[in-house]
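Here is a short report on one protein model. Look at the fold before you read on.

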Amino acid sequence: MPLAGRTALVTGGKRRVGLAIADAVRAAGGEVIAQLPRIDLLVNSAANFTREQLAEVTFASFDETFALNMRAPFFLARTLGCR
């Protein structure tokens, strides 16, 4: 899909999968934003756990993980979809 002239918001875009997605968006001609102008593409790639950490999940860390992996993407999608 051509992305020239489009802007993507990639959460978690500084490392791992998010960084690879952000790099692919740039390679396809898109912009990955530092501030929030018009957003054409939302990629929710932020995460705060690794496979090794799953065995050590506590109620508090689960709440933090849930907020990042479910609540934040929901409200981002809702907010950007209502523009």
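How many helices and strands does the protein chain have? The protein chain has two helices and three strands. Helices (H or I, at least four residues) and strands (E, at least two) are DSSP runs, numbered from the N terminus. Along the sequence, the pattern reads β-α-β-β-α.

This is a predicted model, where local features need pLDDT of at least 70, side-chain atom pairs count only at pLDDT 80 or more, and totals for chains, interfaces and linings use all residues. Residues are numbered from 1 along each chain as its sequence is written, and side-chain values use heavy atoms, with hydrogens and water left out.

**The core**

Of the 83 residues of the protein chain, 22% count as buried. Buried means under 20% relative accessible area, exposed means over 50%, and partly exposed lies in between (1.4 Å probe, protein chains only). Which residues make the largest nonpolar core? They are L3, A8, V10, A22, V25 and V43. Strand β1 (7-11) and helix α1 (16-27) each supply at least two residues of this core. A nonpolar core is a set of buried Ala, Val, Leu, Ile, Met, Phe, Trp, Tyr and Cys residues joined through side-chain atoms within 4.5 Å.

Take V25. Neighbours within four places in sequence aside, V25 is in contact (heavy atoms within 4.5 Å) with L3, A8, G30, E31, V32 and L41. Among contacts in the protein chain with a separation of 6 or more, 64% join residues 24 or more positions apart.

**The aromatic pairs**

A pair of aromatic rings is described by the distance of the centres and the angle of the planes. Rings of Phe, Tyr and Trp (its six-membered ring) pair if their centres lie within 6.5 Å; planes under 30 degrees apart count as stacked, over 60 as edge-to-face and the rest as tilted. By this rule there are two aromatic pairs.

| Pair | Type | Centre to centre | Angle between planes |
|---|---|---|---|
| F62 and F66 | stacked | 6.1 Å | 25° |
| F74 and F75 | edge-to-face | 5.0 Å | 85° |

Why are F62 and F66 separated by about one helical turn? Because they are four residues apart in helix α2, which spans residues 59-81. F62 is partly exposed, at 46% relative accessible area. F66 is also partly exposed, at 38%. F74 is partly exposed at 48% relative accessibility, and F75 is partly exposed at 37%.
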